[in-house]
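Here is a model to read step by step.

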Amino acid sequence: MIELGPELARADAMLDIKRYDQACGLLSRLVAAQPESARAWCLLARAHLGAGRHQQAVEAASRAVTLDPSDEWPHRLASNALLHTDNYPEALRAGMEARRLAPGHWQAHICVAQAALGARRLDIATAAAAQARTLAPNEPDVHFLSGKVSLAAGDLERARSHQERALALDPAHSGAMNELGRIRLRRHDTRGAIRHFIRAARLSPAETVYSRNIDVVILRTVSRMIYVFTLAALLLIWIPVVAHLGRFPVAIGLTVLGAIAVASFAWLVLRLPPEARLLVRRTLRSRRAAAALAVAVGGVAVAFAAVALVPAAELPQILPVAVIATMGARLGAFAILRGAAGKR
Amino acid sequence: MEPDLTVLASLRKAVEAMPDDVPLRVHLATLLLRAGLRDEAIRHVGAVLQRDPGNAEALALLQQPPGRRAEATGPPDPVVPREAPPAAPPPGAAAPPGAPGPPGRAGSREGSAGREDRPDRPEAEFDWPQAENELRDVLPPMFVDGAGTDADSAAAEAVDSYDAERSTLKLADVAGMNQVKERLEAAFLAPMRNPELRKLYGKNLRGGLLLYGPPGCGKTFIARAVAGELGARFMAVSFADIIDMFVGQSERNIHELFEIARRNAPCVLFLDEVDAIGQKRSQLRNTPMRSAVNQLLLELDDVDSGNEGVFLLAATNHPWDVDSALRRPGRFDRTLLVLPPDGTAREAVFRYHLRERPVAGVNLNRLAKLTDGYSGADIAHICETASERALMDSIHRGEARMIGQPDLEAAIAEIKPSLGAWFDTARNVALFANEGGAYDDLAAYLKKRRLI
């Protein structure tokens, strides 16, 4: 017969040092030997959650709930695990049960707010976050989640103030720093967003989501530059038709347009921190970004060539082709970049 | 009592995550047998015997009659060929020393149909040694490059965590990885071996060496080789040997460990997964674990003050999680990046993992080229998968065959390198947390491979 107490404490220590697989091995043996221990199932759920095995975490937490339905912890774990499996209604239900059992625990309110956020029940999320703030005004995670709720509700100023409060309570809270980046992004401040994502990555370098956020912002910026470039090209190809100009002004126009696009991108990149510049270089060297740029520049060049090289009399016939080529280039580049951003 | 399906699922996941945990596999196999899932149980027993050929519990499980569960729950199905009890380790499992690994020609003599006709025929009657002798004469050479398996003598020895053992490994036994060896020589071994010069140049022996790099790339192997080079005893300790949740026990364990090292001097004390033993205290919730880190710091400083002959080595996959106090001068102040094996090393790893398997016509050079970016553990997995493939093919054809180049190449196509997640994190660290150039070598490697 295994003595459960010390073994559970050992498993707890393993979870503390993030040895999720080893903890899982130990706890699997424990629950096999003593399947009636709700605490062992709870710890197993935590171990699975830590290891990213969310479905197993749901199963383990459900077992713990069955064994001890009056304890709030199994419900909270179940809610958390369900959230990761995108089962938001069930996550919300489990979170609410945890809150019913332990109305004085701020963690239970946070759990409800998180699940409600996933389920897009902003009213419930806002109320739960407010209650958590009342119960634990000095807990950074409470303000962090309150900020997320405010951001989801579109209240950028309140979201910023919550995240800044979280950072004041815990200056190493990388999640709050990341959220500040997201708020900047919503305000179309690309450079500010990247700076915050970089700070978040510095605080938690092992967390890859922050650098992925930077990658996505860079891809979006490239996509936006291509959009502006093709839009300007679309307008330029009308000039020969409207103004009856020759090839030379069109070629000059294309050159100037290309130069402006490159210069504005370079200007943006040069103002970024060195780490972000490295990421930009890496992104631009990626096959997808190169392909998108090639499609955009190629399509626009074909359109300009068509307009510049045909005799003036044939311009009305060739112009629709040029317009389609430009728009096709834009859409093609956009699809390629969206695929790349989606992959990240 | 039949085991719970959730428990079985959890155990399966745990075994998947930790394929080398022998007691866990034995436990799973026992429960599977109880649940009547004999085929799956036998597979796990096979895997256990591959890792620990003499494992008594696994051998006992093999001896269990197939109808054990049926005896408790109802009459067994009398003619189910899969239920035939294998008296020897199942194919694919490593045979005990001296016994042949391959399934021999049992299949060719009987064929699967034959076995169906006689399901209760005890396989113990099969003469394995004779089959081995028969096959030995007809076997083609194992590797087409003609090299033998002498290098395999460098196999790692089993270690009891608190036992100081004499390591016979040398750096020469570590194939390839010349850069690592050179840096090891300069940073650690040369000053150790030349006390006079060391004194002349005022170089002291304070501090230890921290090996870091992706998992499964030979950090422990290198640590053993360092011990061998120094002619020192070797003590390997992992966090599981130390952690104890009773307040004061972990600290006592750590102290005892260092005392044993001092008594066995010259001794290389190797702290495996030092990020677990010495994790950043800011990340720890448990007070006992924090106390353990403090005790470790205390012991490290003691080693400096007057314990000649205790050489400290540590390894981690996540140096960024190690408490910064542990990396201050006089403690683990020198770091060495151990990267995935280079071509020569990969060849040697293939040779090692294939040495006791029936292989023929394997082009190691080509395999090494195909596995750029794979870890040693990945290569072990490839060899395992290729063996399974040949085994299943042998079963289908009713005739034993050798593991060949196509099996290995198919396994390589199937198994992707497992280091992607580590390099994702490493990239972040090199980009955002390279304070004071601590990860310059890592950043240089990532740049070279265009990962930054």
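Q: What share of the contacts in chain B between residues at least 6 apart in sequence join residues at least 24 apart?
A: This is a predicted model. In chain B that share is 75%.

Q: How many helices and strands does chain B have, and what percentage of its residues are buried?
A: Chain B has 20 helices and six strands. Of its 452 residues, 39% are buried.

Q: Which residues make the contact of α17(B) with α18(B)?
A: From α17(B) come B:Ile382, B:Thr385, B:Ala386, B:Arg389 and B:Ala390. From α18(B) come B:Asp407, B:Leu408, B:Ala410, B:Ala411, B:Ile412 and B:Glu414. By class, seven are nonpolar, one is polar and three are charged.

Q: Which residues meet where α8(B) and α10(B) touch?
A: B:Val180, B:Leu184, B:Phe188, B:Leu189 and B:Met192 of α8(B) meet B:Ile222, B:Val226, B:Glu229 and B:Leu230 of α10(B). Eight of these residues are nonpolar, none is polar and one is charged.

Q: How do you know that the span of α4(A) agrees with its number of residues?
A: Helix α4 (residues 54-67) of chain A has 14 residues. At 1.5 Å a residue, α4(A) should span 20 Å. Its end C-alpha atoms are 20 Å apart, so the two values agree.

Q: Which residues of α4(A) are buried, and what covers them?
A: The buried residues are A:Gln56, A:Ala57, A:Val58, A:Glu59, A:Ala60, A:Ala61, A:Arg63, A:Ala64 and A:Val65. The cover includes α3 (38-51) and α5 (72-84) of chain A, together with α1 (5-17) of chain B.

Q: How many residues of chain B are in contact with chain A, and which element gives the largest share?
A: 36 residues of chain B are in contact with 34 residues of chain A. The largest share of the chain B side, eight residues, comes from α1(B). Elements giving two or more residues include α2 (22-34) and α14 (287-306) of chain B. By class, the chain B side has 23 nonpolar, eight polar and five charged residues.

Q: Why does A:Arg120 count as exposed?
A: A:Arg120 has 10, so it counts as exposed. A:Arg120 lies in the loop between α7 (106-118) and α8 (122-135) of chain A. Its phi is positive, near 60°, and it is not a glycine.

Q: What makes B:Arg450 exposed?
A: B:Arg450 has 9 C-beta neighbours inside 10 Å, so it counts as exposed. B:Arg450 sits in the segment after α20 (440-448) of chain B. Its phi is positive too, at about 60°, although it is not a glycine.

Conventions
Residues are numbered from 1 along each chain as its sequence is written. Chains are lettered from A and ligands numbered from 1 in the order in which they are written. This is a predicted model: local features need pLDDT of at least 70, side-chain atom pairs count only at pLDDT 80 or more; totals for chains, interfaces and linings use all residues. Helices (H or I, at least four residues) and strands (E, at least two) are DSSP runs, numbered from the N terminus. A residue is buried if 20 or more other C-beta atoms lie within 10 Å of its own, exposed if 12 or fewer, and partly exposed in between; C-beta atoms are placed from the backbone. Two residues are in contact if their C-beta atoms, placed from the backbone, lie within 7 Å. Ala, Val, Leu, Ile, Met, Phe, Trp, Tyr, Cys and Pro count as nonpolar, Asp, Glu, Lys and Arg as charged, and the others, Gly among them, as polar. The expected span of a helix is 1.5 Å times one less than its number of residues.
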